[in-house]
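Here is a friendly walk through a two-chain model, written to be read with the structure open beside you.

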Amino acid sequence: MRRQAAAATLGLGLLLAALLHGVSSAPPLYDGLPLPQAPYDYCNPPASLRSSNKPPDKGQATFPVQNGQVLGGGVQTLPDAQVVVFIGVDALRGPAGTSAVVVSIDPVCQNPPPPPAGGQILGNVYRISAVALPGKQPVSIGAPYRITIRYPSGNVRDVELYDGSSWHPLRSTLAPSGNPYVGAVVPSLGEVAVIGHSAAPDSLLTVITRYLEGFGVLALVIIFGIIALVQEIRRRRKRA
Amino acid sequence: MIASRARAAAPPRAARITVLVLGAALARASVAPAGEGLAAAVFAALLIGILAIEGVGARPGDRPWPLKRSILSGLGVAAVLAAPVLWSASAGPAWPPIPVHGAFLPWAAAVALVASLEEATIRGTLQQAWRAEAGPVPAILCGALVFAAIHLPRYGLSVMPLDLAVGLALGGLRELTGRVLPCAIAHTAADWAAWLSA
């Protein structure tokens, strides 16, 4: 009977785990350490990291044109891999006669844009740009592209795009299990950054969630602590 | 009747062990801003301390599964737990992709150590203490709750249902096989699957 109950619990747990993988955006693992990462390369490092900091890297890739379409692909900052961009086929369009498109990722270390209202910039701002060859002519965006940006630490809000005058929030996805990356779908070229929550007041639900995540374990410690205390008092009374 | 007498005679340690394990998770969360490696080391050291103080619970009268069968059962559960991860990885890179800087072996060793210590503490000590005081099913439930709770500060509320489900499975595996080893194998292998999904 006990074995049957154990087997049933095992089966139920496995079934629920498989279902929850499918219906939720929960991370695809149950525990473990974040995947190993090199130290973050800052444009403007905190004072404590100034001596060990390396400046962030750039990235560039050339996508040829075939049958009138710019072939897509990936480009990342190398070797730090703090930004990875994925561009689909025909997502970039150059003027007639374009033979290739060069996509660049550059950290904006000089005069980065100010942080958005109610937020703070986590890590570096990066400029995503593209030019058509020959002649370095401007390109247009035919379809949004994907970007993954690393952040050093902090309470992430989203990835945002700076259009030269203001920040625009993008549909963003946090990497699972505390890995310090955020993905977003970007509709145009420009400057992007990971934006974190500032000290501004949040909604009631956000506040409750944060307290549960921060103090839920503490609450359980108190509850089980009281149980242990009551048990010990009872035991001593029985002895007496 | 005999079982309930044995439960009544058992010294009350389950709640105390629960407090200790949850306290270790709190300590890990509080140290985390100083670095994930340091936090994991503190957590591991505290779990070793709990194991040293409380020991791994034995089940008098129960016959554990043979070692080979236990290992195979752990690998089987790991395969089922990791299947969705591997399925996603085979369909394409994870979104957002996670660049990895470092070698697999040191990371895998650290993950195996932490996962095995968690299993030894939760399934080996805590679950067995609750089993002695409340019976097997409440013990599995309590172990699953603690397993989910210790991951709460790090992964947030959204992951709690999944961790509860996996906790139920690992608790059932412990009860079924009478060993912690298959739980440690399943837990570690499921964690390793993260590398493949990156």
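## Helices α3 and α5 of chain B

α3(B) and α5(B) pack with their axes 10 Å apart, at an angle of about 35°. Axes here are lines fitted to C-alpha atoms, for helices over the stretch in contact, and angles run from 0 to 180 degrees between N-to-C directions. Helices (H or I, at least four residues) and strands (E, at least two) are DSSP runs, numbered from the N terminus. The crossing of α3(B) past α5(B) is left-handed, a label used if the near helix is turned anticlockwise from the far one by less than a right angle, with clockwise counting as right-handed.

On the α3(B) side you will find B:Ala40, B:Phe43, B:Ala44, B:Leu47, B:Ile48, B:Ile50, B:Leu51 and B:Glu54, which meet B:Ala110, B:Leu113, B:Val114, B:Leu117, B:Glu118, B:Ala120, B:Thr121 and B:Thr125 in α5(B). Two residues are in contact if their C-beta atoms, placed from the backbone, lie within 7 Å. Sorted by class, the contact of α3(B) with α5(B) has 12 nonpolar, two polar and two charged residues. Ala, Val, Leu, Ile, Met, Phe, Trp, Tyr, Cys and Pro count as nonpolar, Asp, Glu, Lys and Arg as charged, and the others, Gly among them, as polar.

## How to read the model

This is a predicted model, in which local features need pLDDT of at least 70, side-chain atom pairs count only at pLDDT 80 or more, and totals for chains, interfaces and linings use all residues. Residues are numbered from 1 along each chain as its sequence is written, while chains are lettered from A and ligands numbered from 1 in the order in which they are written.

## A closer look at B:Leu51

B:Leu51 is found in helix α3 (residues 36–54) of chain B. For reference, a residue is buried if 20 or more other C-beta atoms lie within 10 Å of its own, exposed if 12 or fewer, and partly exposed in between, with C-beta atoms placed from the backbone.

Not counting residues up to four places away in sequence, B:Leu51 touches B:Val56, B:Ala120, B:Thr121 and B:Thr125. B:Ala149 is 98 residues from B:Leu51 along the chain, and their C-alpha atoms are separated by 19 Å.

Helix α2 (residues 14–31) of chain B and helix α5 (residues 104–134) of chain B have axes that come within 8 Å and cross at roughly 155°. That makes α2(B) roughly antiparallel to α5(B); angles under 35 degrees count as roughly parallel, over 145 as roughly antiparallel, 65 to 115 as roughly perpendicular and the rest as oblique. The crossing of α2(B) and α5(B) is left-handed. B:Ala14, B:Ile17, B:Thr18 and B:Val21 make the contact from α2(B), with residues including B:Thr121, B:Thr125 and B:Trp130 from α5(B). By class, the contact of α2(B) with α5(B) has seven nonpolar, three polar and one charged residues.

Of the 18 residues of α2(B), 13 are buried, so this helix is largely enclosed by the rest of the structure. For α8(B), 17 of the 18 residues are buried, so α8(B) is also largely enclosed by the rest of the structure. Just after α8(B), B:Gly178 takes a positive phi of about 75°.

## Chain A and its side facing chain B

Chain A has two helices and 15 strands, and buried residues make up 33% of its 240 residues. In total, 56 residues of chain A are in contact with 65 residues of chain B. On the side of chain A that touches chain B, α1 (2–23), β14 (181–186) and α2 (204–239) of chain A are the elements that give two or more residues. The largest share of that side, 16 residues, comes from α2(A). The residues of that side divide into 33 nonpolar, 17 polar and six charged.

## Backbone details in chain A loops

A cis peptide bond joins A:Leu78 and A:Pro79, with omega about 5°, and A:Pro79 is found in the loop between β3 (73–76) and β4 (83–87) of chain A. The peptide bond from A:Leu133 to A:Pro134 is cis too, with omega near 0°.

A:Asn67 has a positive phi of about 55° although it is not a glycine. A:Asn67 is exposed, with 6 other C-beta atoms within 10 Å.
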